[in-house]
Amino acid sequence: MYSVGSALPVRLLHISDLHAGSVEETAVEQSLEPLLERIQPELIVASGDLTHRGRRREHERAAAFLRSLGRPLLVIPGNHDIPYTFPARFTRPWAEFERQWETVEPV
């Protein structure tokens, strides 16, 4: 039994800047696989720039990759995760991110 205020260790992996849709995407994904095997995280935190240009197919690719890691996820958008096109950049900036992750304010 744990008392109030006792800390439980949690092993997490923090990743950022996947940039799905960029030329580096495959190399980044391949380099994460051995790291994931070695540290066996209980939670993966992905903090922004999941996509390169905020396009739908990039969001779909990033989400599929992250979900394929088989761990709980905490996903937070970055500036590259909003569309570069107008007017969507200003009228619906988080639509594609929210389509995959439901909210830009995860708990």
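## Parallel strands

Four bridges link β2 to strand β3, which covers residues 73-76, and the two run parallel. Within this pairing, A46 has V75 of β3 as its bridge partner. Keep in mind as you browse that this is a predicted model.

On to the pairing of β2 with β1: these two strands also run parallel, joined by four bridges. Here L13 stands opposite I44 of β2.

## Helices between the strands

How do the strands connect? β1, α1 and β2 form a β-α-β unit that is right-handed. A right-handed β-α-β unit is likewise made by β2, α2 and β3.

## The nonpolar core

The largest nonpolar core has 17 residues, and the members that touch the most others are I15, L18, L50, L66, V75 and W101. Two or more residues each come from β1 (12-15), α1 (25-39), β2 (43-47), α2 (56-68) and α4 (95-101). Of these elements, α2 supplies the largest share, with four residues. As general background, nonpolar side chains in soluble globular proteins tend to be buried together.

Setting aside residues up to four places away in sequence, V75 touches A46, L50, L66, F97, W101 and P106. One of these, A46, is also the bridge partner of V75, while L50, L66 and W101 are, like V75, among the core members that touch the most others.

## Rings and charges

How many aromatic pairs does the structure hold? There is one. The pair consists of F86 and F90, and it counts as stacked because the ring planes meet at 25°, under the 30 degrees cut-off, with the ring centres 5.4 Å apart. Both partners are exposed: F86 and F90.

For R67, the ring is that of W101, with the charged end 4.2 Å from the ring centre. For R89, the ring belongs to Y84, and the distance to the ring centre is 5.0 Å.

## A look at V104

V104 sits in the segment that follows α4.

Apart from neighbours within four places in sequence, V104 contacts P77, W94, F97 and E98. One of these, F97, is also touched by V75. R55 lies 49 residues from V104 along the chain, and their C-alpha atoms are 16 Å apart.

Technical notes: Residues are numbered from 1 along each chain as its sequence is written. This is a predicted model: local features need pLDDT of at least 70, side-chain atom pairs count only at pLDDT 80 or more; totals for chains, interfaces and linings use all residues. Side-chain values use heavy atoms; hydrogens and water are left out. A nonpolar core is a set of buried Ala, Val, Leu, Ile, Met, Phe, Trp, Tyr and Cys residues joined through side-chain atoms within 4.5 Å. Buried means under 20% relative accessible area, exposed over 50%, partly exposed in between (1.4 Å probe, protein chains only). Contact means heavy atoms within 4.5 Å. Two strands pair if DSSP finds at least two bridges between them. A crossover is right-handed if, with the strands pointing away from the viewer, the path from the first strand over the helix to the second runs clockwise. Rings of Phe, Tyr and Trp (its six-membered ring) pair if their centres lie within 6.5 Å; planes under 30 degrees apart count as stacked, over 60 as edge-to-face and the rest as tilted. A charge sits over a ring if NZ of Lys or CZ of Arg is within 6 Å of the ring centre and within 35 degrees of the ring normal.
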